[in-house]
Amino acid sequence: MGTANLTSIIKQRRNIKPASMNGKKIPDEQVQELLELADWAPTHGYTEPWYFVVFSGDAVKRFCQDHANIYKANTPADKFAQASYDKLQQQGDLASHVIAICMKRGNKPAIPEIEEIASVACATQNLWLGATERGFAGYWGSGGMTFHPAMKEYLSLREEDKVLGFFYLGFTNEQLPEGKRLKPKEEKVKWEK
């Protein structure tokens, strides 16, 4: 892959919400290829803290129903919103796969947690860029019960582990939105010479 191709893929990556996906399925083998790309993320001390739980086929609908049920079971009645429940329940209806993005703490406690989290984010970006290259739509969401202890339990994670979000993967018929950045580069980079 040439530099121009990589630059183009990075600049074309978009967050495509699951409601904008079209229901077409991606073969599991192609998702496994994306996970192989994720596996090449940087990792301090080779802890390789990324951990993905992949929901495909009927498991997508089952996960979304479970997510909605976790919301209902852990939300006080006066704060429960039926619209939120329904959105969680239907979030994956048009997605091909849903991937839980998790950080499983490595066995080297001297490595700061933030480095483990950053490593998982890099792994997810690798997956996402691979999806973009293949023409897939992707969405990294962290709503609903993502950070609730009940979700960590649902995914069989340990106390020291974290759920960082859910990656919805599929196809879209919609034109990709134009890329934009709101802050000028000068506000995000300081050069010292």
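Helix H3 (residues 58-73) lies across S1, S2 and S4, running at about 110 degrees to S1. Contact here means heavy atoms within 4.5 Å, while axes are lines fitted to C-alpha atoms, for helices over the stretch in contact, with angles from 0 to 180 degrees between N-to-C directions. Helices (H or I, at least four residues) and strands (E, at least two) are DSSP runs, numbered from the N terminus.

Bear in mind that this is a predicted model: local features need pLDDT of at least 70, side-chain atom pairs count only at pLDDT 80 or more, and totals for chains, interfaces and linings use all residues. Residues are numbered from 1 along each chain as its sequence is written, and side-chain values use heavy atoms, leaving out hydrogens and water.

**The sheet**

- Four strands make up an open, antiparallel sheet, in the order S1-S2-S4-S3; two strands count as paired if DSSP finds at least two bridges between them.
- At the edges sit strand S1 (50-56) and strand S3 (137-141), each of them pairing on one side only.
- On average, neighbouring strands of this sheet are turned by 20 degrees against each other, direction ignored.
- S2 and S4 are antiparallel and share seven bridges; one to look for on screen is Met103, whose bridge partner in S4 is Lys162.
- S3 and strand S4 (residues 162-170) also run antiparallel, joined by five bridges.
- S4 is mostly covered, with eight of its nine residues buried; buried means under 20% relative accessible area, exposed over 50% and partly exposed in between (1.4 Å probe, protein chains only).

**Helices**

- Helix H2 (residues 28-38), like H3, lies across S1, S2 and S4, but H2 runs at about 170 degrees to S1.
- Helix H5 (residues 113-133) has 21 residues and spans 30 Å from its first C-alpha to its last, close to the 30 Å expected; that expected span is 1.5 Å times one less than the number of residues.
- The buried residues of H5 include Glu116, Val120, Leu127 and Trp128.
- Just after H5 comes Gly135, with a positive phi of about 85 degrees.

**Aromatic rings**

- There are eight aromatic pairs, counting rings of Phe, Tyr and Trp (its six-membered ring) with centres within 6.5 Å; planes under 30 degrees apart are stacked, over 60 edge-to-face and the rest tilted.
- Phe63 and Phe166 have ring centres 4.9 Å apart and planes at 40 degrees, so this pair is tilted.
- That pair links distant parts of the chain, since Phe63 is in helix H3 and Phe166 is in strand S4, 103 residues apart.
- Phe63 is buried, at a relative accessible area of 1%, and Phe166 is buried too, at 1%.
- Phe80 and Tyr85 are another tilted pair, 6.0 Å centre to centre with 55 degrees between the planes.
- Of these two, Phe80 is partly exposed at 23% relative accessibility, whereas Tyr85 is buried at 11%.
- Phe55, Phe63, Tyr154 and Phe166 come together as one aromatic cluster.

**Charges over rings**

- Lys72 has its charged end over the ring of Tyr85, 5.7 Å from the centre; the rule asks for NZ of Lys or CZ of Arg within 6 Å of the ring centre and within 35 degrees of the ring normal.
- Arg13 lies over the face of Trp128, 4.4 Å from the ring centre.
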